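Here's a walk through one chain, from its overall surface down to single side chains. Have the structure open while you read.

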Amino acid sequence: PIPPTFAMENAANHSISVQHAMLLDIRPKPEIVPYGIEMVKASRVSAARIKNMKVCIIDTGYTYDHKDLPKTHVTGYSGPLNRFTNWKDDGNGHGTHVAGIIAALKNDIGAVGINPAENMSLHIIRIFNDEAKKVWASDVIASVQECVDAGSNVINMSLGRPSGSKGALQTEIDAYKKFLNEDNVIVVAAAGNTGDNTLWYPAAYDDVISVAGVTTNKERGYYSCHNSKVDIAAPGSNIFSTWKYGRYNYNTGTSMAAPHVAGVAALVWSHFKEKSAIEIKESLFSSAKDVGSPGRDNYFGHGLVNAKAAYNILAQGDRIGRGAYRNDSDFKFKFRKRNRKCGFLNLTTKRQLRRNNNIYQAMKILNNKCFRKGSDGYFVYERCKKSCFTIPMVTMPKNTKTDVKQSTEDANDNFLSAELSAKPSASLSSGPTPLLLTLSPSFQ
């Protein structure tokens, strides 16, 4: 196999620091609500039904005895994929931090997660050791399959490999397509921390949700990769969460942004179990708050994930007796004299709807067409999207300024980087292709 390239460190014009993030040895009181919880509007959706969902975390393990993490409905894997390593340990901290973002308890101490309930179901796969040494590419896919077999609905992978000379692999393309479309499972992955347009896999696959990172001011994180595969954005800068040895930590990176989206996906889906993974995924995209250029862009994808807005879209679909995205009759095209430029959209939309009756895919195509129109792009997209379709929607909640001030110290950018070897893997469960993974130091 080729040696690791440490591409994350070499790709960005930032000096590298190996300083550790700020650790809190004593459980802070009163309990801290990380700013990300309010930014993604997680607290505005009830977690009362979260016991219906299971989130799988593929990472460095889980500090099982941490007093701020759930235990009752937490399972894990120990077997050949991780050399029978105990999933209840995490000598690195990365996996415990991710878990806290998703599920830290509301118990008057420490941090709060997206789903702060003891009955939150987690499945932990500790694929990395404490140093996050290399693992096999086929083992990553097999780990996702283990999550599926364990009954997981949502999978978080704050890890990846740069495209390098290999790029997308057909084996992986087929596998992630299967997980979404056949197994009905949402896979979420970090977009990458090199701060450039590098494609990181598995996030760059179409059937995986690629998550970019934003700051407390909803601006792009300097570390966050920007490319055509970014789907959505979430808080990733100075995120407060649980850490190894019962501690707490502020960390920065798209590794922290991804579990915000995974947690929101589980939270919203818990209220609409009859919906498919594709419908939940599309509701997250369509309800995301636009914080960049109008429409989808390479920095924020469809926008900042918004749990309450996604819930509203799905709830409104239920109230009219059908799904929010599956019925052509909900999206009748309306001509208006002041929007004559909508004409070309009419033909494009109806053609797409005739193929698969999916308004989201139709609007995605319209988005791409509009912004190829140059100076007219903003007018066509904004006016036509909002006034040329009758879309069943409820009023979205107004944004409020609820950010909690966080430490200004830069934190460890613990994104797991990887590089492929020369030979592709041959199957989902085994093969000769290793991903050489290392924990990256922080960018200062």
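The accessible surface of the chain comes to about 17,700 Å², and 50% of that belongs to carbon and sulfur atoms; accessible areas here come from the Shrake-Rupley method with a 1.4 Å probe, and for residues only the protein chains shown count as cover. Keep in mind that this is a predicted model: local features need pLDDT of at least 70, side-chain atom pairs count only at pLDDT 80 or more, and totals for chains, interfaces and linings use all residues. Residues are numbered from 1 along each chain as its sequence is written, and side-chain values use heavy atoms, with hydrogens and water left out.

**The chain as a whole**

Of the 444 residues, 60% count as buried, where buried means under 20% relative accessible area, exposed means over 50%, and partly exposed is in between (1.4 Å probe, protein chains only). The chain has 11 helices and 18 strands; these are DSSP runs numbered from the N terminus (helices: H or I, at least four residues; strands: E, at least two). Take the contacts (heavy atoms within 4.5 Å) between residues at least 6 apart in sequence: 76% of them join residues at least 24 apart.

**Cores and covered helices**

A nonpolar core is a set of buried Ala, Val, Leu, Ile, Met, Phe, Trp, Tyr and Cys residues joined through side-chain atoms within 4.5 Å. The largest one has 52 residues, and L122 and L284 have the most contacts inside it. Helix α6 (residues 254-269) gives the most to this core, with 10 residues. Apart from it lies another core, of 30 residues, with I127, A175, A203 and V208 among them. In soluble globular proteins, nonpolar side chains tend to be buried together.

What does L284 touch, not counting residues up to four places away in sequence? Its partners are I209, I232, V261, V264, A265, V305 and A310. L284 is also one of the buried residues of α7, a helix spanning residues 277-287 that is mostly covered, with 9 of its 11 residues buried.

Look for H94, H97 and I101, which are among the buried residues.

W269 is found in helix α6 and counts as buried at 1% relative accessibility. W269 and N52 are 217 residues apart along the chain, yet their C-alpha atoms are separated by 8.9 Å. Not counting residues up to four places away in sequence, W269 touches M53, N153, V154, N184, I186, K275, S276, A277 and I280.

V144 lies in helix α4 (residues 137-149) and is buried at 0% relative accessibility. Leaving aside neighbours within four places in sequence, V144 is in contact with I58, I155, M157, Y176, F179 and V187. From V144 to F179 is 35 residues in sequence and 8.3 Å in space, C-alpha to C-alpha.

**Aromatics**

Rings of Phe, Tyr and Trp (its six-membered ring) pair if their centres lie within 6.5 Å; planes under 30 degrees apart count as stacked, over 60 as edge-to-face and the rest as tilted. By this rule the count comes to 8 aromatic pairs. Here are two of them:

| Pair | Centres apart | Planes | Type |
|---|---|---|---|
| Y222 and Y223 | 5.3 Å | 80° | edge-to-face |
| F240 and Y248 | 5.6 Å | 15° | stacked |

Y222 is partly exposed at 32% relative accessible area, whereas Y223 is buried at 1%. F240 is buried at 1%, and Y248 is buried at 0%. Elsewhere, Y176, F179, Y201 and Y205 form one aromatic cluster.

K88 lies over the face of Y64, at 4.3 Å from the ring centre. That label applies when NZ of Lys or CZ of Arg is within 6 Å of the ring centre and within 35 degrees of the ring normal.

**A buried arginine**

R126 has its place in strand β5 (residues 121-126). Is R126 buried or exposed? R126 is buried, with a relative accessible area of 6%. Its side chain reaches the backbone oxygen of N86 at 3.1 Å and that of F128 at 3.4 Å. Beyond its neighbours within four places in sequence, R126 is in contact with residues including D59, N82, W87 and D89.

Terms used:
A polar contact is a pair of N or O atoms within 3.5 Å; within protein, one must be able to donate a hydrogen and the other to accept it, and residues adjacent in sequence count only if both atoms are side-chain atoms.
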